[in-house]
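User: I am new to reading protein models. Can you help me see how the terms are applied to this one?

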Amino acid sequence: MDKIMVKGAKFDLHIGVTEEERKTKQPILMDLTLFFDIAEAASRDDIEKTINYALVCKRISTVLAAKEYKLLETAAEATAKDILTLFGAKKVEICIKKPNALRIADYTAVEIVREK
């Protein structure tokens with residue numbers, strides 16, 4: 001299966017276990033891999049026959065801004081469900097990273113794989 005990938009997409013959202021932590025938007029980074037047959041798009045050189053990753057990122061921004069999240073797990077799950085529903089991907093891999101979660105680490109992360 002072919003892959004469409006976006007690495008290091010940056011989003012700001014209200015996320016954290018405590019209410020205090022969720023008061024201020026925090027940066028997260030997201031790596032996405034969308035599994036999709038790109039043969040028709042490639043043969044026609046037609047963006048309408050593929051998954052437009054700019055639209056995917058715009059939609060993710062909307063999903064993440066729609067509510068506050070306590071867990072990276074919940075944000076990743078909501079994102080995966082939305083992508084699979086709206087964009088025709090057969091499978092999605094998402095790694096969502098929170099750079100400021102721990103002082104001793106570059107980031108914490110959750111990675112999920114979901115299929116239709």
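User: Which residues touch the most other members of the largest nonpolar core?
Analyst: I28, M30, L64 and I94 do, in a core of 31 residues. The model is predicted. Core members are buried nonpolar residues joined through side-chain atoms within 4.5 Å.

User: Which elements give two or more residues to this core?
Analyst: They are β1 (3-13), β2 (26-35), α3 (53-65), α4 (72-86), β3 (91-98) and β4 (108-115). The most come from α4, with 6 residues.

User: What does L64 touch?
Analyst: Leaving out residues up to four places away in sequence, L64 touches F11, L13, I28, M30, Y69, A75 and T79. Contact means heavy atoms within 4.5 Å, so each of these counts.

User: What makes β2 mostly covered?
Analyst: Buried means under 20% relative accessible area. In β2, 8 of the 10 residues are buried, so β2 is called mostly covered.

User: How do you know that β1 and β2 pair?
Analyst: Pairing needs at least two bridges. β1 and β2 are joined by 9, so they pair. They run antiparallel. L13 stands opposite Q26 in β2.

User: How many bridges link β2 and β3?
Analyst: There are 7, again in the antiparallel sense. D31 has C95 in β3 as its bridge partner.

Note on methods
Residues are numbered from 1 along each chain as its sequence is written. This is a predicted model: local features need pLDDT of at least 70, side-chain atom pairs count only at pLDDT 80 or more; totals for chains, interfaces and linings use all residues. Side-chain values use heavy atoms; hydrogens and water are left out. Buried means under 20% relative accessible area, exposed over 50%, partly exposed in between (1.4 Å probe, protein chains only). Helices (H or I, at least four residues) and strands (E, at least two) are DSSP runs, numbered from the N terminus.
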